[in-house]
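Dear colleague,

I am passing on the structure below, together with some notes on what was found in it. Please read the notes with the model open beside them.

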Amino acid sequence: MDIESLTQLIGRVQAIVPEQRIILFGSSSLFASFPADPPARLGVEVTLDADFLLDPDDAGLRARLLESLGKDHEFHDATGYYGDFVDLRVSENFPAGWRERLVPMPGFERVFALDPVDMAVSKIAATAGARLSIRMGRGGVDRGMKDISVVSALLRAGRIDGQAIERRLAAMDYQPAMIVESARVVDEIRAHAGG
């Protein structure tokens with residue numbers, strides 16, 4: 001995804017829910033902080049979706065947005081990218097204080113994005129959690145290297161600070177197994193980033 005595609009998608013979201021506060025999370029949220037950066041520098045060149053939260057959450061509006069702008073629907077078929085509209089409960093896995101660090105999306109009112117470090121922590125947690133679920137036989141989806149590649153690209157480009165990531169990770173209230181798995185993911189990110 002690139003900034004033009006994302007702004008087109010956000011425009012369509014706002015046309016459907018004009019009064020709703022919208023929060024971007026996931027890889028595409030990086031464009032709020034780095035709108036001039038090419039997708040490859042941010043590690044989002046292969047991203048086909050943007051992840052959205054509605055604040056306050058509204059299941060009916062989410063369903064309506066998914067029907068219009070979600071995966072395998074008309075907008076996705078026409079453009080090649082889509083929106084994923086997620087229950088606000090996913091934010092329970094974001095670092096404490098994430099709301100105070102939200103970044104306004106340039107050119108849009110009521111549209112905000114996760115701070116890049118908070119986004120990185122959420123990616124690490126998602127990868128670690130998925131690996132733990134698979135290892136424990138609870139199923140789940142292997143997230144592969146996508147999240148690791150995004151965070152590594154940001155570190156290589158000097159767009160985020162590795163120590164800031166580690167401080168926010170250390171402040172998370174994780175079970176011991178999650179702490180260990182998150183540390184493994186961070187080690188992979190460091191190796192992938194070349195340092």
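Helices (H or I, at least four residues) and strands (E, at least two) are DSSP runs, numbered from the N terminus. This is a predicted model, in which local features need pLDDT of at least 70 and side-chain atom pairs count only at pLDDT 80 or more, while totals for chains, interfaces and linings use all residues. Residues are numbered from 1 along each chain as its sequence is written, and side-chain values use heavy atoms, with hydrogens and water left out.

The sheet

An open sheet is formed by 5 strands in the order β3-β2-β1-β5-β4, with mixed pairing; two strands pair if DSSP finds at least two bridges between them. Because β3 (82–86) and β4 (103–104) stand at the edges with a single partner strand each, one side of each is left without a neighbour in the sheet.

Strand β1 (residues 21–25) pairs with β2 in the antiparallel sense through 5 bridges, and Arg21 stands opposite Asp55 in β2. With β5 (residues 111–113), strand β1 pairs in the parallel sense over 3 bridges; here Val111 of β5 is the bridge partner of Ile22, and Ala113 of β5 is that of Leu24. Strand β1 is mostly covered, since 4 of its 5 residues are buried, where buried means under 20% relative accessible area, exposed over 50%, and partly exposed in between (1.4 Å probe, protein chains only).

Helices on the sheet

Helix α4 (residues 59–69) lies across β2 and β3 and runs at about 165 degrees to β3. For such values, axes are lines fitted to C-alpha atoms, for helices over the stretch in contact, and angles run from 0 to 180 degrees between N-to-C directions; contact means heavy atoms within 4.5 Å.

The pair α1 and α4 packs at an angle of about 135 degrees, with the axes 11 Å apart. That makes α1 oblique to α4, given that angles under 35 degrees count as roughly parallel, over 145 as roughly antiparallel, 65 to 115 as roughly perpendicular and the rest as oblique. Leu9, Arg12, Val13 and Ile16 of α1 meet Arg64, Leu65, Ser68 and Leu69 of α4. By class, this contact of α1 with α4 has 5 nonpolar, 1 polar and 2 charged residues; Ala, Val, Leu, Ile, Met, Phe, Trp, Tyr, Cys and Pro count as nonpolar, Asp, Glu, Lys and Arg as charged, and the others, Gly among them, as polar.

The contact is made by Met119, Ala120, Lys123, Ala126, Thr127 and Arg131 on the α6 side, and by Asp147, Ile148, Val150, Val151 and Leu154 on the α7 side. These residues of the contact of α6 with α7 divide into 7 nonpolar, 1 polar and 3 charged.

The segment before α1

Asp2 lies in the segment before α1 and is partly exposed, with a relative accessible area of 29%. Not counting residues up to four places away in sequence, Asp2 touches Phe31 and Pro39. The C-alpha atoms of Asp2 and Gln20 are separated by 23 Å, these residues being 18 residues apart along the chain.

With best wishes
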